[in-house]
Amino acid sequence: MQVQGDNKPYDDINITPMLDLAYVLLVIFIIMTTASVQGMKVNLPRASAQPSLAESKTQAISLTADGKIFLNTTPVASLDDLKQRLLSQKALTPDFPVVIKGDGLSQYQGVMDVLDLLGQVGVSQVGLATKPLVK
């Protein structure tokens, strides 16, 4: 049997102190995060699980590939008709959002006409609907 001398270097690294440090830091971060998030304890009110029956204020303008315009699901004859319907909606609720759903094959000028009309009516909350990108 041979005894290993003190001058020979070790072949493996002792990672136990590094793991101990990592676990201590993890515990400190967990404690600090939960202590800062809790805030004040209050008695929160309860709400029913029933869905809201309030009508959504959001209006959807759809443009089809053949140039037809729909407000929500109602067909609109022309841009002037759409303008009148939006003005009547603005009289009921002054600040309502509008989502434009344009067909991928629709004319870009039709979308621009609708955006210009929304600017004339004074609608400031406008969104454009798209499909999510499939990966």
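**Stop one: a charged pair on a helix**

Start by selecting Asp81, which is partly exposed at a relative accessible area of 25% (buried means under 20%, exposed over 50%, partly exposed in between, with a 1.4 Å probe and protein chains only). Before going on, note that this is a predicted model, where local features need pLDDT of at least 70 and side-chain atom pairs count only at pLDDT 80 or more, while totals for chains, interfaces and linings use all residues. Residues are numbered from 1 along each chain as its sequence is written, and side-chain values use heavy atoms, with hydrogens and water left out.

Asp66 is exposed at 56%, whereas Lys68 is partly exposed at 48%.

**Stop two: the core**

Next, pick Ile61, Leu82, Leu86, Val98 and Leu118, which touch the most other members of the 16-residue largest nonpolar core (buried Ala, Val, Leu, Ile, Met, Phe, Trp, Tyr and Cys joined through side-chain atoms within 4.5 Å). Strand 1 (59-63), strand 2, helix 2 (79-92), strand 4 (98-102) and helix 3 (108-121) each supply at least two residues. Helix 3 gives the largest share, five residues.

Which residues does Leu118 contact, leaving aside neighbours within four places in sequence? They are Ile61, Leu86, Val98, Ile100, Val123 and Val126 (contact means heavy atoms within 4.5 Å).

Go to Gln59 in strand 1. Is Gln59 buried or exposed? Gln59 is buried, at 8% relative accessibility. Leaving aside neighbours within four places in sequence, its contacts include Asn72, Gln89 and Phe96.

Asn72 is worth a click of its own: it lies in the loop between strand 2 (69-71) and strand 3 (74-76). Its phi is positive, about 60 degrees, although Asn72 is not a glycine. Most residues other than glycine have a negative phi.

**Last stop: helix 1**

Finish at Val27 in helix 1 (residues 16-37), partly exposed at 47%.

Key: Helices (H or I, at least four residues) and strands (E, at least two) are DSSP runs, numbered from the N terminus.
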